[in-house]
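Here are a few friendly notes to read alongside the model. Please keep the viewer open as you go through the points.

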Amino acid sequence: MTGWDRAKSALRLFFMETSYVARVYGDSLRDNFVGYAPLDQVKFDELEEQFREEMKGDHPYLASLLRIEAALIETMPDNVMQARFWAIEDRFQRVVPLATRTRYEASMPARGDALWKNAAFMRDQQRALLDVVHANYLINIGREKSIKRLKIIILAVLTVVLASAILIFVCVDSTRIVAFTIIGLAGIVGSMLSITQRLQTAVSRDAMTEDGIYELTGLRTGWIGVVMSFLMGGGFALVLYCIVMSGGLSVAYPEVSKSNTSPPSPHPTDPPVNPKPGATDKAVIVDSAGPSTKSRPDATVNPSVATTSATPVIPKPGEPTPASIDQASGIGQGDVPRVATGSGRCEKKKPEESSKDKLPVTEPAVECTDAERLADAIGLDNATSFFKMLILAFLAGFAERLVPDILSRLNKRIAGQ
């Protein structure tokens with residue numbers, strides 16, 4: 001065998017995990033052919049020849065090795081067969097689920113019974129135990145290969161989705177379309193992670209806990225449903241955006257803010273607006289010690305004091321606080337993106353004529369970050385609201401019942417009005 005042939009064989013063995021498992025299992029099976037004089041020498045020689053032929057190639061077939069192991073029981077002398085019974089029973093106890101072990105032990109006679117000294121009874125028990133163990137091996141391997149196939153499909157779909165998104169980002173000169181693409185992509189990624197997490201959970205339990213063939217059928221034929229779940233995740237994310245913009249969350253969950261609209265937040269580069277010196281107003285006096293609750297109609301506001309600092313908002317009686325959370329949905333008031341009351345903050349304004357020389361004057365656009373431009377393009381208040389929208393879009397795909405539950409609550413409240 002040349003070096004290239006060895007390299008190809010090593011690569012095939014690396015990517016074909018079942019062949020590797022079969023080879024290791026076959027190596028552990030060699031001891032079953034030594035150490036005793038068989039009852040049927042002809043059958044024993046046939047089985048040994050089949051075993052050597054199977055192990056000669058690079059990819060032995062595990063099912064053939066399991067069949068050879070079960071057939072060897074018929075060629076073993078009674079004393080050897082009875083001496084090896086404990087090893088097979090131990091494998092059975094470690095491999096099968098607890099419910100299967102319990103039913104097996106309930107069907108067996110007590111250990112002191114005379115049947116346990118009968119060679120035919122012991123041989124039948126070994127064959128029965130090996131049948132269950134071998135079926136468990138093969139079904140679990142089939143499940144692992146089916147899950148691996150689904151993960152490859154998920155990776156392929158994710159590659160296509162990301163390539164399509166990158167193509168949109170490069171070729172489309174529209175901030176609004178880019179923002180909607182990012183929201184849909186967040187829903188698709190959430191759906192993919194949810195399905196991948198469930199696949200990992202499925203691997204952690206034994207395939208024989210439930211009907212193994214039924215589970216294999218679902219894993220093997222359900223890949224179309226998995227791909228559709230990705231598209232549904234993106235669709236749910238866009239639907240949830242529409243619900244947020246229409247104020248539907250406030251209708252479905254009154255515990256959340258009654259209104260998620262707010263005036264656009266000032267840009268950090270905008271100069272602060274200070275009152276004129278000497279202006280009087282019924283304002284709260286702010287001094288170096290902090291805000292005061294007293295107010296006087298003749299109070300003079302000192303322009304040197306930072307009057308633009310945020311003042312805590314005290315909710316009215318019966319109004320939900322920002323920390324209130326709806327227990328059923330997990331959506332809190334602080335999680336809802338704010339809808340901007342105006343738009344075009346990051347856009348260049350139209351030329352206007354000055355009052356003196358009648359010359360067109362173009363007011364430059366406010367310098368915005370990329371996230372602020374994306375938020376402004378789809379009607380959100382600021383970059384923080386845009387990222388909150390991305391989190392909700394991700395949850396719309398990850399928790400596949402989130403958007404249907406919101407729509408169901410909206411339907412019930414509208415029908416009850």
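1. Leu72 touches Asn32, Phe33, Tyr36, Phe44 and Leu47, leaving aside residues up to four places away in sequence; contact here means heavy atoms within 4.5 Å. This is a predicted model: local features need pLDDT of at least 70, side-chain atom pairs count only at pLDDT 80 or more, and totals for chains, interfaces and linings use all residues. Residues are numbered from 1 along each chain as its sequence is written, and side-chain values use heavy atoms, with hydrogens and water left out.

2. In the largest nonpolar core, of 32 residues, Phe33, Phe51 and Leu72 touch the most other members. Such a core is a set of buried Ala, Val, Leu, Ile, Met, Phe, Trp, Tyr and Cys residues joined through side-chain atoms within 4.5 Å, where buried means under 20% relative accessible area (1.4 Å probe, protein chains only). A second, separate core of 27 residues includes Ile243, Leu380, Ala393 and Leu410.

3. Which residues of H2 are buried? They are Ser19, Ala22, Tyr25, Gly26 and Leu29.

4. Asn136 lies in helix H8 (residues 119-171) and is buried, with a relative accessible area of 3%. A 2.8 Å polar contact joins its side chain to that of Asn140; the cut-off for such a pair of N or O atoms is within 3.5 Å, and within protein one must be able to donate a hydrogen and the other to accept it.

How values were computed:
Buried < 20%, exposed > 50% of the residue type's maximum accessible area, 1.4 Å probe, protein only. Helix = DSSP H or I, 4+ residues; strand = E, 2+ residues; numbered from the N terminus.
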